[in-house]
Amino acid sequence: MAVAVYPGSFDPVTSGHADVIARSARTFEEVVVSVGRNSGKTPLFSVDERLEMLREVCAPWPNVRVDSFDGMLVNYARACGATVIIKGLRAVSDFEYEFQMALMNRHQAPTIETVFLMPDEKYVYLSSSIIKEVGRLKGDLAKFLPQEVVKALRRKFASQL
Ligand code: PNS
């Protein structure tokens, strides 16, 4: 049984992420859901805000903990004692970027495997970016986000007015 790291921006965590966390918790002995830095993105939520939302979402699973990291993912995974990196794979559009990262991570750390998990199909077209766009425009997000995240998003956009 392996320790697995599920890294991501989680800006914010969506029901699609929560679905992947549930699948990971059933599959691995211990899962570390960790907020990392994506150099191509400017986050809406601070790391502390994202961690708080993730803690609430992950509370049902005793073998899942929440953390954050800086620097190379593979170094962090090694420090956690993880042999697996989990990535959620939605549509084909994710594939090329994820494949590139998985192979680069394998080059850096050959003993760590990247495992791709598919969320339920109802979340296949969901992304944090589209959530933020709809949230900014005050659209209905109840089906796509954990309840606490809907509230956090409302508070965030209200404070930006
Ligand atoms: O949810 P995202 O934005 O797709 O997550 C991307 C993330 C944070 C997992 C990725 O950017 C990452 O691994 N960052 C850490 C830095 C790193 O190791 N970069 C090399 C990847 S090949």
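Guide: Aspartate 11 has a relative accessibility of 4% and therefore counts as buried; the term buried means under 20% relative accessible area, exposed means over 50%, and partly exposed lies in between, with a 1.4 Å probe and protein chains only. This is a predicted model, in which local features need pLDDT of at least 70 and side-chain atom pairs count only at pLDDT 80 or more, while totals for chains, interfaces and linings use all residues. Residues are numbered from 1 along each chain as its sequence is written, and side-chain values use heavy atoms, with hydrogens and water left out.

The loop that holds aspartate 11 runs between strand S1 (3-8) and helix H1 (15-27). Helices (H or I, at least four residues) and strands (E, at least two) are DSSP runs, numbered from the N terminus. Contact here means heavy atoms within 4.5 Å.

Methionine 118, in the loop between strand S5 (113-117) and helix H5 (128-136), is exposed, with a relative accessible area of 63%. Not counting residues up to four places away in sequence, methionine 118 touches Asp19, Arg23 and Leu89. Its C-alpha atom is separated by 24 Å from that of arginine 78, 40 residues apart along the chain.

Turning to the aromatic residues, a search of the whole structure finds three aromatic pairs. Rings of Phe, Tyr and Trp (its six-membered ring) pair if their centres lie within 6.5 Å; planes under 30 degrees apart count as stacked, over 60 as edge-to-face and the rest as tilted. The rings of phenylalanine 69 and tyrosine 76 are stacked, because their centres are 4.7 Å apart and their planes stand at 15°. Phenylalanine 69 is buried at 13% relative accessible area, and tyrosine 76 is buried at 11%. Phenylalanine 95 and phenylalanine 99 are likewise stacked, with ring centres 5.0 Å apart and planes at 25°. Both lie in helix H4, four residues apart, about one turn of the helix. Phenylalanine 95 is partly exposed at 40%, as is phenylalanine 99 at 41%. Together with Val92 and Leu103, these two phenylalanines form a nonpolar patch on the surface, with about 400 Å² of accessible area. Patches are made of residues with over 30% relative accessible area and no salt bridge, like charges being joined within 9 Å and nonpolar side chains (Val, Leu, Ile, Met, Phe, Trp, Tyr) within 5 Å; accessible areas come from the Shrake-Rupley method with a 1.4 Å probe, and for residues only the protein chains shown count as cover.

There remain the charged pairs. Nine salt bridges are counted, each being a side-chain nitrogen of Lys or Arg within 4 Å of a carboxyl oxygen of Asp or Glu. Among them, glutamate 113 pairs with arginine 106, the closest N and O atoms being 3.6 Å apart. Another joins glutamate 133 to arginine 136 at 3.9 Å; these residues are three apart in helix H5, separated by about one helical turn.
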